[in-house]
Amino acid sequence: MNQTTIFWPVLAHVLVIYIVYVALGRRRYFAVKSGEAKVGQYKVRSTEPASSITVASNLINQFELPVLFYVLCLTLHLTNGVNYLTLALMWIFVASRYFHAWVHLTSNNLLLRSRSFFFGAVVLALAWIWFALHLLGVV
């Protein structure tokens, strides 16, 4: 299998980050335009209006657990560990991040959001377990 295929899920996750940045910019712009917020409120997160704080929080989420995803993708590539299983797990993880972002930016349903986060975390943990087995020569 071509080892560089592991970077397609990485690029897909980068795309969701840019989508969230655009959503954040739009929410902040319209909050100021509508009078809901003043530009100065964005200096401190605690004064940011509710309409944009959830998007800002989601953006932070895109740089927490996904750090482990990025490291794993790079190490899989470096150790020739990319195969159909690892590639599928990485795509599933990225799909869970898209779903998590969608829920966070729309309904912000905490139960659905936490379940999608947990699902992605479990998928990523399975991929790390597979990587450990790969390093041990078991798989």
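View 1. Helices (H or I, at least four residues) and strands (E, at least two) are DSSP runs, numbered from the N terminus. Reading from that end, the elements go α-α-α-α-α. The C-alpha trace spans about 60 × 30 × 20 Å along its principal axes. Keep in mind that this is a predicted model, where local features need pLDDT of at least 70, side-chain atom pairs count only at pLDDT 80 or more, and totals for chains, interfaces and linings use all residues. Residues are numbered from 1 along each chain as its sequence is written, and side-chain values use heavy atoms, with hydrogens and water left out.

**View 2. Helix H1 against helix H2.** The axes of H1 (residues 7-34) and H2 (residues 50-61) come within 9 Å and cross at roughly 160 degrees. Axes here are lines fitted to C-alpha atoms, for helices over the stretch in contact, and angles run from 0 to 180 degrees between N-to-C directions. The pair is therefore roughly antiparallel (under 35 degrees counts as roughly parallel, over 145 as roughly antiparallel, 65 to 115 as roughly perpendicular and the rest as oblique). On the H1 side, look for residues including Ile 17, Tyr 21 and Leu 24, which meet H2 residues, among them Val 55 and Leu 59; contact means heavy atoms within 4.5 Å. By class, this contact has nine nonpolar, four polar and two charged residues (Ala, Val, Leu, Ile, Met, Phe, Trp, Tyr, Cys and Pro count as nonpolar, Asp, Glu, Lys and Arg as charged, and the others, Gly among them, as polar).

**View 3. Helix H2 against helix H4.** Here the axes come within 9 Å and cross at roughly 165 degrees. That makes H2 roughly antiparallel to H4. Thr 54, Val 55, Ser 57, Asn 58 and Asn 61 of H2 touch Arg 97, His 100, Ala 101, His 104 and Leu 105 of H4. Sorted by class, the H2 and H4 contact holds three nonpolar, six polar and one charged.

**View 4. Helix H3 against helix H4.** H3 (residues 66-78) packs on H4 at an angle of about 160 degrees, and their axes are 12 Å apart. H3 and H4 are therefore roughly antiparallel too. Pro 66, Phe 69, Leu 72, Cys 73 and Leu 76 of H3 meet Thr 86, Met 90, Phe 93, Val 94 and Arg 97 of H4. This contact of H3 with H4 has eight nonpolar, one polar and one charged residues.
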